[in-house]
Amino acid sequence: MGNCALDQDTGSQTLPSPVRPRSSGGRRDLRLDLFRGIALWLIFLDHIPSNVVSWVTLRNYGFSDATEIFVFISGYTAAFVYGGAMRERGFIVAGARILRRAWQVYGAHIFLFVVYLAEIAYVTGSFDNPLYAEEMNILDFLKQPDTTLVQALLLKFKPANMDVLPLYIVLLVGFPPVLWLMLRRPTVALATSVMLYALCWRFDWNMPAYPNGQWLFNPFAWQLLFVFGAWCAVSGNRHIRSVVRSPATIVAAAVYLVFAFAITMTWYLPRLAHFVPRWLAEFMYPIDKTNLDMLRFAHFLALVVITVQFVPDDWPPLKWPLMRPVILCGQHSLEIFCLGVFLAFAGHFIFIEISDRVPMQVIVSMLGIGIMISVAWLLTWYKEMESRGAGSGPPKRPDADLAGGHV
Amino acid sequence: MRRVFTALFGVAAYAGGAWAQPGDACISAEHSVHAQAGLPRVAAAVDESHQLSISVSGTASSVLPGPNGTGKAYPARLEAALSGRLPGVKVKVVNAAKQKQTAAEMAAEFDKLLAEEKPALIVWQTGTVDAIRGIDPDDFRSALNTGIDKLQAAGADVILMNMQYSPRTDSMIAADVYSENMQGIALEREISLFDRFAIMKEWNDEGTFDLYAATKNPETAERVHACIGELLAAFVVEGVDLARKPKEEVR
């Protein structure tokens, strides 16, 4: 996948203490890889249209979904990796690396856009059902290819399901000064982020989209999760450990998760909707994904609180061979994310050309995850081979895909 | 290429096909159709004047192409089905669908529609055009609210109808945000949402209709519309029943 290339950062491996993962000796926190791997699988399953397997995914059982996990962990690992670089080599070098990473993500996004164009052109060209005359208007945008393509290059025209990478690009481009501040005054950096979140809600800030409207994932809102992840990596662990472990927090988190589950059920079973009091519905709805609704953010936090109770960083299953595949996927997040979007398109193609029945949906889902695992394994192999091939050169430093250290 | 695929997945596809029960099962989706709110104005028209006038405000998915398209689309089917379900009542359904109109554009024309037809009920089918054009969800929402305000101010009942389930274009039209907003508005305003998307998805999943099929043959489309009209009639009758019950029971 041409542009989904590996980060080739090289340099020393020692990290200064604040950016070290909290387990001793700089050992990588495999939980990050594990959960990012799971998030990538869920995003893949959710992107296959009308897939029965997507019933297992997070978004059906609460307010937040895999996007939150992905953005949070991306912020965490970005601070972890580039924070080390910034302390050692300074603002310019680390900033340049971050921007190079953003450029890679941009290339990956454009690659996926071309895949999308191919699919949409195929589907609309081969499909002529009077029932769906209206839906075929999606091809209208190709009537002005000049405008559309330029708008896509400007990240303003973003087809369905292609909103996460542009968000990631903007977050990375804005990250160097945030990281600079984060390494000196982590709490000030986090407070600034909260302020920006509040301001974007107050003044409706968002990025413009083409042909109308605004970005589906508002970067001014979603940066909160990214910066919060970075803050956890740099200093958060020390500060919030006692809060996260306190019984009151755990109970509150559990209650909130149950509440969110109950509310979500009323979306799927309209009969239950009558049990939601009117005042509550008025308070809650709409749950604004574009602007990272507080209900979603709180749901993600509650999930984290509960998860860290059950999954400590020395959790034995992290070492089980069975967990290896998902962890590998989490370690190559950009490549596997791109692959997942591509495979979702391919799966849709199979549904159209062969069958869209339930067994096929299961096969396509399993096959897709199998391919993601194989490619992640292949990428790991490449990386190991290349670092071995470097011989006497300096050891490779961790890249933004990795939560820290070598595999 | 295709042959390889077919060979690979043929067995699974066959097994899947065997589960499906194609046929006249369009009413099977009836259990996913539930009126959430009463239709007092319709109930009054049925009980008192024995004349029921309904307008459908919508876009291209409320009509079928071809010379007889309008007669075979769901609004006409609704008229026939409702006449059957409400004996002694003169039912008239006006199809005011226009191509490529957003919710805001439709809402702007409601004054004219209300003045001309004075309907007891407006079925407002919307969402698809807004999703295709990527209208700002907030603007979509306020357009819905504006439209509902107008209709209710004129004393008409409102049923919202969301988009069609279109498996081929499902991954290309980001419809979620718009259907969620319609659901949210329906809850807030205590009006009924006819969940066309869920119904058609169920038909496709159950194999009642093959919505993936690439065909110029209008037969499936006509049957789908007939079933939609049938279910919509049941939905309206349910709303009438809800309106007749004392309020406490409804709650």
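## Where the two chains meet

The contact between the chains draws on 45 residues of chain A and 49 residues of chain B; two residues count as in contact if their C-beta atoms, placed from the backbone, lie within 7 Å. On the chain A side, the elements that give two or more residues are α3 (91–126), α10 (278–284), α13 (333–353) and α14 (358–389). Among these, α13(A) gives the most, with 5 residues. Helices here are DSSP runs of H or I with at least four residues, strands are runs of E with at least two, and both are numbered from the N terminus.

By class, the chain A side divides into 26 nonpolar, 11 polar and 8 charged residues. Ala, Val, Leu, Ile, Met, Phe, Trp, Tyr, Cys and Pro count as nonpolar, Asp, Glu, Lys and Arg as charged, and the others, Gly among them, as polar.

## About the model

This is a predicted model, in which local features need pLDDT of at least 70 and side-chain atom pairs count only at pLDDT 80 or more, while totals for chains, interfaces and linings use all residues. Residues are numbered from 1 along each chain as its sequence is written, and chains are lettered from A and ligands numbered from 1 in the order in which they are written.

## The two chains

Chain A has 14 helices and 0 strands. Of its 407 residues, 47% are buried, meaning that 20 or more other C-beta atoms lie within 10 Å of the residue's own, with C-beta atoms placed from the backbone. Among contacts in chain A between residues at least 6 apart in sequence, 80% link residues at least 24 apart.

Chain B brings 12 helices and 5 strands. Here 51% of the 251 residues are buried, and 83% of the contacts between residues at least 6 apart in sequence join residues at least 24 apart.

Which residues does B:L160 touch, leaving aside its neighbours within four places in sequence? B:L160 is in contact with B:W124, B:M182, B:A186, B:I191, B:L193 and B:F194.

## A helix pair in chain A

α2(A) and α3(A) pack at about 150°, with their axes 7 Å apart; axes are lines fitted to C-alpha atoms over the stretch in contact, and angles run from 0 to 180 degrees between N-to-C directions. The two helices are therefore roughly antiparallel, the term for angles over 145 degrees. From α2(A) come A:Y82, A:A85, A:M86 and A:R89, and from α3(A) come A:F91, A:V93, A:A94, A:R97 and A:I98.

Definitions and conventions: A residue is buried if 20 or more other C-beta atoms lie within 10 Å of its own, exposed if 12 or fewer, and partly exposed in between; C-beta atoms are placed from the backbone. Angles under 35 degrees count as roughly parallel, over 145 as roughly antiparallel, 65 to 115 as roughly perpendicular and the rest as oblique.
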